[in-house]
Every structure is written in structure tokens, then in C-alpha cells.
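Have the structure open beside you and follow along.

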Amino acid sequence: MFEMERLEQILALLRQTQTATVKKLSTHLYVSEATVRRDLNELERRGFVRRIHGGVVLIDGVSREVPLYLREQQNVEAKRLIAAKAAKYLRDGQVIFMDASSTAMYLIPYFEQFKNLTVITNGLKTSQELRPLNHTVYCTGGLMLHNSLAYIGDYATDFIRRFNADLFFFSSLGISEEGMITDSSAEETGIRRVMFEQSRRRIFLCDNSKRGKLYCYNLCHISQADDDISDS
């Protein structure tokens, strides 16, 4: 089978399933996993897919957002290291904003070491992870984005404006070479912007795989964040 035929078959399968593992594609195409990886690299170079740990997700031209359950499995060690560094900012009694990013969620286990935290998030999964802890937790509610399990819209932004936070932990899909923090979701960028405005200290959490990446919507320049924590 020629390369172009394989690429077309991979895309045809992904249009049905949205995601696939390298092993599944290898079995489907009757080729080696090494061949599949080369094909996926080519499709990613052309902008059709995004590589994830062990597989691939289709970029469908409408939503470039990788589902949260897949993002949670990407760059795990980097996110753990970032969370350990970010935890040094935590103190008893703080009011904290958290966005719905998978990176911010890795900070949650450190909350157990502190007392009387108030945490506000627009992330459904984030609020669920916070539930077992003995802290005050608010989830904004609003219109839910199914891929990211993030609440957006006027209801969510109005809710956020009721609070003044000591800290805002946030991430995004990328930061450009020029230092602009960017994302593919206008709605989530809007939510982060309101949290940004309502916080005394803004802490950007970004693993090195996101460096040099530019997406459609600008949140702010990195110089406007108070801290930039990476895994390097």
C-alpha cells in the first residue's frame, strides 16, 4: 500500500472515531507501528491530526481542542513537576481561581496540606477532583464545552466576577515565540481573561511542548503574568 493510500485510510477511520491508537491503526492497515508513526507525523505536519501519547486525534477544522481525558494523559511527568513548583505559592486561607486545564488539575493533591482554601473553577472535572478535600469549592456553571468539560458563557463570567482571588493558576494550548499566551478556544480564553482580571497574582503553568506554539486567540503577553512555571 502506498503512503497516500495509508494516509487517506487513516483519515477515513479518524473521521468515524476522532481518535485512535498506533496499535489499532497498525492492525487496521496491516503495517508496522513504525510505519504508522511516520504516517502520523506526516499528517500532523500537514495539519490534519495532533499526535498524543500512544496515538492520534483528528483536527476536524471546527474544534482544535483535544478532549480533556486525552490531555490528562499527555506530558504527565512535566505536569507533575510544574505542579510541585506551583505549590510553593499556596498558603492557608487563600482564595484561588483555577481554569479547566489538565495542567492546573495536577496541583490539586497539594491542597491537602493547607487549611481553609476557597477554590473557584469553571472546570467540571476540576470541581469533581476537589470534592473529597475539606475546602470551600465553587464551580461556575454555565454552558459546558463537552471536549474540555469547561463551563463558559455569561453565566460563568458573571459568577467569577463575584470573587477577588489571591491566586489564579492557568494554562493554555501554547505560547508564541514572541511570548503571547494563546489558545484555540475563544470561549475558554474569555473565561481566563475574567479570572485574570479578578486575581492579585496570575501564575501561568506551561510545559515545554507548548513553547513556540501560536493559536488563534490571545489571552495576554507572558510579561502580564506574575509567574511562568515550566518543567525546564
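Three strands form an open sheet in the order 1-3-2, and their pairing is antiparallel. The edges belong to strand 1 (19–21) and strand 2 (49–52), each with a single partner strand, so one side of each is left without a neighbour in the sheet. From one strand to the next, the twist averages 20 degrees. Please keep in mind that this is a predicted model.

Within this sheet, strand 2 and strand 3 (residues 55–58) run antiparallel and are joined by four bridges. One place to look is Ile52, whose bridge partner in strand 3 is Gly55. As background, strands of a sheet pair through backbone hydrogen bonds, either parallel or antiparallel.

**Helices on the sheet**

Which strands does helix 2 lie across? Helix 2 lies across strand 1, strand 2 and strand 3, and it runs at about 85 degrees to strand 1. Helix 3, in turn, lies across strand 2 and strand 3, running at about 130 degrees to strand 2.

**Helix against helix**

| Helix pair | Angle | Axes apart |
|---|---|---|
| Helix 1 (residues 3–17) and helix 2 (residues 22–29) | about 125 degrees | 11 Å |
| Helix 2 and helix 3 (residues 33–45) | about 105 degrees | 9 Å |

Take the pair of helix 2 and helix 3, which pack at an angle of about 105 degrees. That angle makes helix 2 roughly perpendicular to helix 3. On the helix 2 side, Val22, Lys23, Leu25, Ser26 and Leu29 meet Glu33, Val36, Arg37 and Leu40 in helix 3. By class, the contact of helix 2 with helix 3 has five nonpolar, one polar and three charged residues.

Now for helix 1 and helix 2, which pack at about 125 degrees. Helix 1 is therefore oblique to helix 2. The crossing of helix 1 and helix 2 is right-handed. Helix 1 brings Arg6, Gln9, Ile10, Leu13 and Thr17 to the contact, while helix 2 brings Lys24, Leu25, His28 and Leu29. The residues in the contact of helix 1 with helix 2 divide into four nonpolar, three polar and two charged.

Ile120 has Tyr138 of strand 6 as its bridge partner. What kind of unit do strand 5, helix 7 (residues 124–130) and strand 6 make? Together, strand 5, helix 7 and strand 6 make a right-handed β-α-β unit.

Our last stop is an open sheet of three strands in the order 10-11-13, with antiparallel pairing. Its edge strands are strand 10 (174–175) and strand 13 (217–221), each of which pairs on one side only. Strand 11 (residues 180–183) and strand 13 run antiparallel, with four bridges joining them. Here Ile181 stands opposite Cys220 in strand 13. Helix 9 (residues 186–197) packs on this sheet, where it touches strand 11 and strand 13. The direction of helix 9 makes about 25 degrees with that of strand 13.

Technical notes
Residues are numbered from 1 along each chain as its sequence is written. This is a predicted model: local features need pLDDT of at least 70, side-chain atom pairs count only at pLDDT 80 or more; totals for chains, interfaces and linings use all residues. Side-chain values use heavy atoms; hydrogens and water are left out. Axes are lines fitted to C-alpha atoms, for helices over the stretch in contact, and angles run from 0 to 180 degrees between N-to-C directions. Helices (H or I, at least four residues) and strands (E, at least two) are DSSP runs, numbered from the N terminus. Angles under 35 degrees count as roughly parallel, over 145 as roughly antiparallel, 65 to 115 as roughly perpendicular and the rest as oblique. A crossing is left-handed if the near helix is turned anticlockwise from the far one by less than a right angle, and right-handed if clockwise. Contact means heavy atoms within 4.5 Å. Ala, Val, Leu, Ile, Met, Phe, Trp, Tyr, Cys and Pro count as nonpolar, Asp, Glu, Lys and Arg as charged, and the others, Gly among them, as polar. Two strands pair if DSSP finds at least two bridges between them. A crossover is right-handed if, with the strands pointing away from the viewer, the path from the first strand over the helix to the second runs clockwise.
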